[in-house]
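Please look over the sequence and the 3D structure shown below, and keep both in view while reading. The report that follows takes up the backbone, the ligand and the aromatic side chains in turn.

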Amino acid sequence: MDQGLKGALGLTGPEACLAYYRDWADTYDQGFAEGMQYRLPAHVAAAFLGAGGQGPVLDVGAGTGLLAERLREMGFQGDIDAVDFSAEMLGRAAEKRLYSGLFRADITRPLTLPRRYGGIVSSGTFTAGHVGPEALPHLLDVAEPGALVALSINRRVWTAAGFERVLAQLADEGRIADLRLPEVEVYGAAAADLDADHAGDRALVALFAAA
Ligand SMILES: C[S@@+](CC[C@H](N)C(=O)[O-])C[C@H]1O[C@@H](n2cnc3c(N)ncnc32)[C@H](O)[C@@H]1O
């Protein structure tokens, strides 16, 4: 892997993150996702559809579109829009022709999108060196009432970055309901040969309804 996972998880801010994905976009699918047997998009897609998720769907930090690929493979036929702040990652996603709309935006800021969503999904974006819980209220602002949300949150940052606290607070305020947290493996067995430090990473799939 040229760019690789280790560098991505050590990123220190949005500028560094953007520069990193600018260079990683071309090799992300073959070098990283195939090499590490990256399973998180499939786990999020299965959790979302298994809980009755419906469209239109917003894929948050969509990257090269792996989560939309898994949703389509699992039979989802509704509209999927992508939001990501990397033009290069969105460019790779656009080539797959899976999304109705592709929007370049920083999800840590209020989002101006042309519609609201019946479902919101995300894989791999809420992790070390990436996005923290400050994005969650902005996502709720573009959700239809009752929308199903399925977001992966890396176990390493669940408490440390404040996801546990912020989701509990959003539940207390009545902004989300029915929070479930199935835990999944991020990578397959092949990852051990490429990156022993992260091969065993686990994530929670935060599944909840927007109020
Ligand atoms: C690890 S990749 C995950 C991509 C895809 N969801 C997947 O599972 O393969 C993280 C993505 O989050 C995007 N990202 C990071 N910070 C962001 C932010 N503040 N706003 C929007 N996108 C962001 C990156 O550009 C990158 O495409």
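Q37 is found in the loop between helix 3 (28-34) and helix 4, where helices (H or I, at least four residues) and strands (E, at least two) are DSSP runs, numbered from the N terminus. Although Q37 is not a glycine, it has a positive phi of about 50°. P56 has its place in another stretch, the loop between helix 4 (40-50) and strand 1 (57-60), and the peptide bond that joins G55 to P56 is cis, with omega about -5°.

This is a predicted model, in which local features need pLDDT of at least 70 and side-chain atom pairs count only at pLDDT 80 or more, while totals for chains, interfaces and linings use all residues. Residues are numbered from 1 along each chain as its sequence is written, and side-chain values use heavy atoms, with hydrogens and water left out.

## The shell around the ligand

There are 22 residues around the ligand, and those that come nearest are Y28, Y38, G61, D84 and S123; a residue is near a molecule if one of its heavy atoms lies within 4 Å of it. By class, the shell is made up of twelve nonpolar residues (Ala, Val, Leu, Ile, Met, Phe, Trp, Tyr, Cys and Pro), two charged ones (Asp, Glu, Lys and Arg) and eight polar ones (the others, Gly among them). Helix 2 (14-24) and strand 4 (117-126) each supply at least two residues of this shell, and strand 4 gives the most, with three.

Which polar side-chain atom lies 2.6 Å from an oxygen atom of the ligand? That atom belongs to S123, and the pair is a polar contact, meaning N or O atoms within 3.5 Å. The backbone takes part too, with an N or O atom of G61 lying 2.8 Å from a nitrogen atom of the ligand, and one of F85 lying 3.2 Å from a nitrogen atom of the ligand. The protein covers 96% of the 600 Å² of accessible area (Shrake-Rupley method, 1.4 Å probe) that the ligand has on its own.

A search of the whole structure finds ten aromatic pairs, which are rings of Phe, Tyr and Trp (its six-membered ring) with centres within 6.5 Å. Y21 and W24 form one that is tilted, at 5.5 Å centre to centre and 35° between the planes; planes under 30 degrees apart count as stacked, over 60 as edge-to-face and the rest as tilted. Both residues lie in helix 2, three residues apart, about one turn of the helix.

Notes. A polar contact is a pair of N or O atoms within 3.5 Å; within protein, one must be able to donate a hydrogen and the other to accept it, and residues adjacent in sequence count only if both atoms are side-chain atoms.
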